[in-house]
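Trainee: Can we go through this one together? I have not seen it before.

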Amino acid sequence: MEKNIISTENAPAAIGPYSQAMKVGNMLFTSGQIPLTPAGDLVTGPIKEQTHQVFQNLKGVLEAAGASFTDVVKATVFIADMNQFGEINEVYAEYFGDHRPARSTVEVARLPKDVGVEIELIAFVK
């Protein structure tokens with residue numbers, strides 16, 4: 001099966017031994033995105049601002065692979081504080097609209113750069 005690394009300037013560059021996403025056949029697997037701008041600046045404001053930046057990064061990666069949020073079949077949301085789930089969920093709903101991919105949400109002890117949210121996606125790409 002064909003494997004392709006997906007890379008875009010519309011999301012932060014990988015800062016380790018990984019890629020922004022990997023396309024395997026018709027499936028796209030994104031790396032987790034945190035609220036880091038493509039220029040490398042950390043968004044440290046309220047959790048909604050952080051979540052919007054995460055989704056802008058994911059949008060860039062999806063588009064680089066020829067996909068969009070309507071192609072997402074699974075999302076995994078990592079949050080540092082489950083009390084912020086409602087605010088994160090509001091932003092999440094803005095990007096997915098009526099599309100309802102499967103989802104897991106996990107509270108974790110710590111995320112990279114001490115951010116409040118990280119999200120990874122799996123999408124079906126035609």
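**Loops, cores and strands**

Trainee: Where is the place of K113?

Mentor: K113 lies in the loop between β5 (102–107) and β6. Strands here are DSSP runs of E with at least two residues, helices are runs of H or I with at least four residues, and both are numbered from the N terminus. The model is predicted, so local features need pLDDT of at least 70 and side-chain atom pairs count only at pLDDT 80 or more, while totals for chains, interfaces and linings use all residues. Residues are numbered from 1 along each chain as its sequence is written, and side-chain values use heavy atoms, with hydrogens and water left out.

Trainee: What is the phi of K113?

Mentor: Near 60°, a positive value in a residue other than glycine. Most residues other than glycine have a negative phi. D114, also placed in the loop between β5 and β6, has a positive phi of about 60° and is not a glycine either.

Trainee: Is D114 buried or exposed?

Mentor: D114 counts as exposed because its relative accessible area is 53%. Buried means under 20%, exposed over 50%, and partly exposed in between, with a 1.4 Å probe and protein chains only. K113, at 48% relative accessibility, is therefore partly exposed.

Trainee: Changing topic. Which residues touch the most other members of the largest nonpolar core?

Mentor: L28, F55, L62, F69, V117, I119 and L121, out of 27 residues in that core. A nonpolar core is a set of buried Ala, Val, Leu, Ile, Met, Phe, Trp, Tyr and Cys residues joined through side-chain atoms within 4.5 Å.

Trainee: And which elements give two or more residues to this core?

Mentor: α1, β4 (72–79), α2 (85–96) and β6 (117–124). α1 gives the most, with six residues.

Trainee: What does F55 touch?

Mentor: Not counting residues up to four places away in sequence, F55 touches F69, V91, Y92, Y95, F96 and I119. Contact means heavy atoms within 4.5 Å. There is also a second, separate core of five residues, with L36, F78, L111 and V115 among them.

Trainee: Back to β4. Is I79 buried or exposed?

Mentor: I79, in strand β4, counts as buried because its relative accessibility is 0%. Leaving out residues up to four places away in sequence, I79 touches F85, I88, T105, V106, E107, V108, L111, G116 and V117. The C-alpha atoms of I79 and E118 are 6.6 Å apart, although the two residues are separated by 39 residues along the chain.

Trainee: Where is Q53 found?

Mentor: In helix α1, residues 47–64. Q53 counts as buried because its relative accessibility is 14%. Setting aside neighbours within four places in sequence, Q53 is in contact with P35, L36, T37, P38 and V43.

Trainee: Last topic. In what sense do β1 and β2 pair?

Mentor: Antiparallel: strand β1 (residues 3–6) pairs with β2 over four bridges. Two strands pair if DSSP finds at least two bridges between them. N4 has K23 in β2 as its bridge partner.

Trainee: What about β2 and β3, and how many bridges are there?

Mentor: β2 and strand β3 (residues 27–30) also pair in the antiparallel sense, over four bridges. V24 stands opposite M27 in β3. The two strands form a hairpin with two residues between them, and G25 in the turn has a positive phi of about 60°.

Trainee: Which residues are on the covered face of β2?

Mentor: In β2 (residues 21–24), A21 and K23 are on the covered face, while M22 and V24 are on the uncovered one. In a regular strand the side chains alternate between the two faces of the sheet.
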